[in-house]
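This report goes through one protein structure, from its overall make-up to individual side chains. Please keep the sequence and the model at hand while reading.

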Amino acid sequence: MKYKALIPSAGLGIRLGVKTKNTNKALVSIANKPVISYIIEKFPLNIEIVIAIGHKGNLIKQYIKLAYPDRKITFVDINPYQGPGSGLGYTILQCKNHLQCPFVFCTNDTIVSNDIPIPQTNWMGYSDVKDNSKYRSITFHNKVITGIFDKESKSDSFAYIGLSGIRDYEYFWDSMEKGVNNGSISMGETFGLKKLFDSDHKITAENFDWFDTGTPNGISKSNGFFLGPDSPNILPKPSEDIWFVNNKVIKYSEDKDFIKNRVIRAQELNEPNFLPKIIDHTENMYSYEMISGKVFSKCVNTPLFEKLLSFLVRFWGDLNEPPNHDPIYFNDLCKKFYKEKTYERVQKYFDRFQKSDEKSIINGVEIPKIYEMLDSLDWEHLCDGKPHKFHGDLHFENILVTDNGGFLLLDWRQDFGGNISPYGDIYYDLAKLLHGIIVSHDIINKENYSIVEDLDVIEFDFLRSHNSVKCEKTLNDFVVSQGLNEKKVKILTALVFINCAPLHHQPYSNLLFYLGKYELYNQAFHRANEPKYS
């Protein structure tokens, strides 16, 4: 049977708040995969899918180009998609010319685990939820719908989930057109479905296991269901994402220069096969083939870490023989990357979380204001870097252990202080590696940490595995064996924690900031003290 599918995705997604500020609701991640992929992959490859786009619609186009180049996807640009004249019904009607056949309608925040029936009959999808007053609902007998209702609390009805099959498309479209001034614009597809019902067109009820991703709570529940034990631990960022879809990895950033520079650096860093090869890219995204393996955090042990360090030495090059460089220029890059960025990030942290610079008692240690410590740091020493080929974001979630026992470096940094050459400070790679050993993504995702603030008194703690402690010692021994400055690595690691603080969610952001402040004091100003975390 010939049929199509319609996914309206033009709206702002205001129920999700900041999650849709920089992207379309259809691209919100569920278990490291956009919602729209769960919908698209429910349909056979030969089915044409019509996607209505408006808010951040270009991002959906870019994503589909990379994720599903062999699919037949038709985009319909909706204008207006907000304000007077807009509405779900208006969006649907703009797609009418592309849907002159039976079709399946699915909102862009509906995920189901069941197969989706073809529209051989008119049908509406439902699910049994505790409170159906938030949704339009249906009643039925022997699977035949006996009533369609607006949002109200009705004990014998079931929530309609925004998924339906429309066989009698001609009557549906005629009803939607005639109802423009009587509710079809605001009600959307349910207006046309109710007209089908009122005119004795039989509509059946189809039961689904439903995941509503249109609310923050629904997203949390959906992630809990779809995330598997081997899923990578990717901490959310408001303007970036990594998706695993259709045997590809797709990296997204709101910043177009970020993507462009990532692509350039990948070409220069990759020889011989240190990174996955980029196969396609757009303004805001790039993609590479998914390689079978596990991220290092899932299989970490000391012998494997020692093997990783040998691999990294091949990537970095001889650490005792830096490549030819202009020392003054490189020193200026380090100042920009370390000093200027740190001051900017501290202010960003204060602004984002409405905090001010105060003296603190952290885990029982009196610690000065952060700006006092930064002003007193020996920046000339810290910025006397060693240029080498560098990755820029080395932590265990960005290192893949392939099935053949090799390694690949993922999610590399796009520049060093604005310079997009392959080179950066080797000390930064070592500091990033150490910071990820100390605080793992897995510990954060499982919330195996605590931080309590009582005015200027802060107590924090977090779980550390025996393997991570052993890897930290192995890394410290490696740094010394290479003739590098162990103290410098630890001070830069403290700055990494501080720099990361404004980029993440609370209370993790506070943990990063106070851990960084604590470590900076202990490593650079009060060296007799040892860090006090588990």
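Two strands are said to pair if DSSP finds at least two bridges between them, and helices (H or I, at least four residues) and strands (E, at least two) are DSSP runs, numbered from the N terminus.

## Basis and overall make-up

The model is predicted, and for that reason local features need pLDDT of at least 70 and side-chain atom pairs count only at pLDDT 80 or more, while totals for chains, interfaces and linings use all residues. Residues are numbered from 1 along each chain as its sequence is written, and side-chain values use heavy atoms, with hydrogens and water left out.

The protein chain has 17 helices and 24 strands, and its C-alpha trace spans about 85 × 50 × 40 Å along the principal axes. Of its 534 residues, 56% count as buried, where buried means under 20% relative accessible area, exposed over 50%, and partly exposed in between (1.4 Å probe, protein chains only). Among the contacts in the chain with a separation of 6 or more, 76% come from residues 24 or more positions apart, a contact being heavy atoms within 4.5 Å.

## The open sheet and the helix across it

Strands S16, S20 and S21 form an open sheet of three strands in the order S16-S20-S21, with antiparallel pairing. Its edges are strand S16 (293-295) and strand S21 (407-409), each of which pairs on one side only. On average, neighbouring strands of this sheet are turned by 25° against each other, direction ignored; axes are lines fitted to C-alpha atoms, for helices over the stretch in contact, and angles run from 0 to 180 degrees between N-to-C directions.

S16 is joined to strand S20 (residues 399-402) by three bridges, the two strands running antiparallel, and Gly293 stands opposite Thr402 in S20. Helix H9 (residues 302-316) lies across S20 and S21, and runs at about 55° to S21.

## An enclosed strand and an enclosed helix

All six of the six residues of strand S1 (residues 4-9) are buried, so S1 is largely enclosed by the rest of the structure. In a regular strand the side chains alternate between the two faces of the sheet. In S1 both faces are covered, with Lys4, Leu6 and Pro8 buried on one side and Ala5, Ile7 and Ser9 buried on the other.

S1 pairs with strand S2 (residues 49-53) in the parallel sense over five bridges, and Ile7 stands opposite Ile51 in S2. Three bridges also join S1 to strand S4 (residues 103-106), again running parallel, with Ala5 opposite Val104 in S4. Helix H2 (residues 57-67) has eight of its eleven residues buried, so H2 too is largely enclosed by the rest of the structure; the buried residues include Leu59, Ile60, Tyr63 and Ile64.

## Nonpolar cores

A nonpolar core is a set of buried Ala, Val, Leu, Ile, Met, Phe, Trp, Tyr and Cys residues joined through side-chain atoms within 4.5 Å. The largest such core holds 95 residues, of which Phe296, Phe305, Tyr338, Leu475 and Leu520 touch the most other members. Helix H17 (residues 508-524) provides the largest share of this core, ten residues. Apart from this core lies another, of 45 residues, among them Val28, Ile64, Cys106 and Ile250.

Not counting residues up to four places away in sequence, Leu520 touches Ile370, Met373, Leu374, Leu377, Ile491, Ala494, Leu495, Ile498 and Phe525.

## Aromatic rings and charges

The structure holds 44 aromatic pairs; rings of Phe, Tyr and Trp (its six-membered ring) pair if their centres lie within 6.5 Å, and planes under 30 degrees apart count as stacked, over 60 as edge-to-face and the rest as tilted. The rings of Phe296 and Phe407 have centres 6.4 Å apart and planes at 35°, so this pair is tilted. The pair links distant parts of the chain, 111 residues apart, with Phe296 in the loop between S16 and H9 and Phe407 in strand S21, and both residues are buried. Elsewhere, ring pairs link Tyr343, Tyr349, Phe350, Phe353, Tyr371, Trp379, Phe513 and Tyr514 into a cluster.

A charge sits over a ring if NZ of Lys or CZ of Arg is within 6 Å of the ring centre and within 35 degrees of the ring normal. Lys33 lies over the face of Tyr38, at 4.8 Å from the ring centre, and the charged end of Lys488 sits over the ring of Tyr427, 4.3 Å from its centre.
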